[in-house]
Each structure stands twice: as structure tokens, then as C-alpha cells.
Amino acid sequence: MSVYLSGASPIKNPTRTFKPRRAVEGSKQFQLKKYAEATLGSGNLAEAVKLPQGEDQDEWVAIHCVDFFNHLNMLYGCVNDFCNNKNCPIMSAGPRYEYQWAQPSYGLGAKPGAPKRLMRLSAPEYTDNLMNWIQSILDNEAYFPSKLGQAFPRNFSSISKDIFRRLFRVYAHIYNSHFEVMVALGIEAHLNTNYRHFLLFIHEFKLVDAKELAPLSDFNQSILSD
């Protein structure tokens with residue numbers, strides 16, 4: 001598999017606009033977000049992803065989860081006209097990797113206790129389901145609390161890992177199916193920088209298993225070995 005190295009509109013959805021909750025000014029999350037933006041400005045992404053001394057890891061992961069959702073939403077929006085049921089009849093990351101939709105047991109459309117059923121969806125259908133589901137998690141105070149001092153749920157680690165694992169699938173689909181479009185639009189450098197940030201972050205906090213990252217393994221290795 002070849003993966004190439006190297007403004008945007010949101011996902012076009014007739015019924016939903018993806019606008020995750022922003023950190024409230026003056027809140028701890030707002031302070032951490034500003035810190036993250038400042039460290040990103042240094043240009044050293046490997047250092048920027050590290051947990052600030054004395055800060056809570058759940059808070060740090062939460063603000064990055066929202067930011068990566070926002071960025072990926074915009075990046076996918078750039079290829080939205082090309083990623084359709086005809087061009088992408090299945091959600092895939094190259095010929096060796098197909099992703100089928102499994103309704104999570106929590107969040108939007110959850111059916112606790114119901115048997116897991118895999119659904120073969122087109123890439124746009126899969127991505128739409130995914131973004132709607134993540135949106136429902138980010139908007140739920142029980143999963144992503146916004147008030148200072150409010151505790152994260154005990155299963156926050158597994159929730160965040162589930163989100164990051166599924167976000168990776170969209171990156172992998174873009175790289176394998178729509179990278180030429182990104183080049184034609186002149187935004188491949190933005191895609192590469194954002195994905196590099198994403199990979200370094202999930203690597204730092206061990207958020208996604210290595211086997212899940214296999215579709216972009218060569219690219220990932222080049223990033224991590226820099």
C-alpha cells in the first residue's frame with residue numbers, strides 16, 4: 001500500500017451541522033485549549049502533545065478529541081463531493097481494509113443489550129453515522145463534562161479510545177481514496193500536518209491499538225521515526 005506525504009467547508013448534511021461544544025472561556029478546558037494552541041505554535045508537535053505538568057489527562061484528551069473531530073470534519077468536507085455512494089460504495093482504507101458499522105452501546109442510537117450487528121455501508125453513510133454518534137457523545141455532559149470540578153466518567157478512557165479508533169478510519173479512507181483530490185485542492189499539507197498531530201497524540205497516550213493503524217503503517221512509521 002502506498003501512502004503519500006505531503007478554508008475548508010464542513011460536511012454537507014441536509015439534516016445536521018456538526019458543531020461540537022467549545023470550551024467555555026475561563027474554564028479549565030479553555031485554559032488547556034489555549035495552552036495546546038500555544039505549544040502547537042512552537043512547531044514541535046512531539047512536545048506539543050505531551051500532558052502539561054500537573055494537569056489531568058482526561059481533560060487533556062477531551063479537548064484534543066473535540067479539536068480532532070473539528071479538523072477532520074473540515075477535511076472530510078473537502079472531499080464530500082467526491083466521496084459518494086457511487087465512488088465509495090463501501091467504507092474502506094484500500095483493498096485490504098473494509099470497515100463495517102457496528103452501533104455502539106452508548107450515545108446516539110444506542111441499544112444496550114442488543115446483539116451487535118455489522119452493517120455494510122458506503123463511505124459517506126459510515127462517516128455520517130460516525131460523526132453524528134461522536135457529536136452525541138461530545139454534547140453529553142455525562143461523557144464530556146464542561147463544568148469545572150465535574151468528574152469524568154469512570155469509563156472515559158474506553159470512550160475516548162473508541163472515538164479516536166473510529167476517527168482514524170476516516171483519515172485512512174481519505175488517504176487511500178481521496179488523496180489526489182486533496183492535492184488538487186492544494187490542502188494536502190494541511191491534511192498531513194493534522195494527521196501527524198493526531199498520530200503523535202494517540203501514540204503518546206496509547207489510544208489506538210497498533211493493529212487498527214495497519215492501513216497507514218508505512219506512513220505512521222515515517223512520522224514516528226522523525
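At what angle do α3 and α7 pack, and how far apart are their axes? The two helices pack at an angle of about 155°, with their axes 11 Å apart. This is a predicted model, in which local features need pLDDT of at least 70 and side-chain atom pairs count only at pLDDT 80 or more, whereas totals for chains, interfaces and linings use all residues. Residues are numbered from 1 along each chain as its sequence is written, and side-chain values use heavy atoms, with hydrogens and water left out.

- Axes are lines fitted to C-alpha atoms, for helices over the stretch in contact, and angles run from 0 to 180 degrees between N-to-C directions.
- Helices here are DSSP runs (H or I, at least four residues), as are strands (E, at least two), numbered from the N terminus.
- α3 passes α7 in a left-handed crossing, a term used if the near helix is turned anticlockwise from the far one by less than a right angle.
- On the α3 side, W60, V61, H64, F68, H71 and L75 meet H190, L191, N194, H197, F198 and F201 of α7; contact means heavy atoms within 4.5 Å.

**Annotated binding site**

- An unreviewed UniProt entry places the feature "binding site" at C83, C88, H173 and H178; UniProt positions are given in the numbering used here, feature names are shortened, and annotations may be inferred rather than shown by experiment.
- These positions are spread over 96 residues of sequence, yet they cluster in space, with a largest C-alpha distance of 10.0 Å.
- Not counting residues up to four places away in sequence, C83 touches Y76, C88, A123, P124, H173 and H178.
- H178 is located in the loop between α5 (156-177) and α6 (179-185) and is buried, at a relative accessible area of 3%.
- Apart from neighbours within four places in sequence, H178 contacts V79, F82, C83, C88 and H173.

**Further residues of the α3–β1 loop**

- M91 is in the loop between α3 and β1 and is buried, with a relative accessible area of 0%.
- M91 and R169 are 78 residues apart in sequence but 8.7 Å apart in space, C-alpha to C-alpha.
- With neighbours within four places in sequence set aside, the contacts of M91 include Y99, L121, Y126, R169 and H173.
- S92 is placed in the loop between α3 and β1 and is buried at 12% relative accessible area.
- Beyond four places in sequence, S92 touches Y97, E98 and H173.

- F219, N220 and I223 are buried in α8 (residues 217-224).
- These residues cover an arc of only 100° around the axis, which puts them on the same side of α8; the arc is that of the directions from the helix axis to the C-beta atoms.
- K206 is found in the loop between α7 and α8 and counts as exposed, at 65% relative accessibility.
- Most residues other than glycine have a negative phi.
- K206 has a positive phi of about 50° although it is not a glycine.

Note on methods
Buried means under 20% relative accessible area, exposed over 50%, partly exposed in between (1.4 Å probe, protein chains only).
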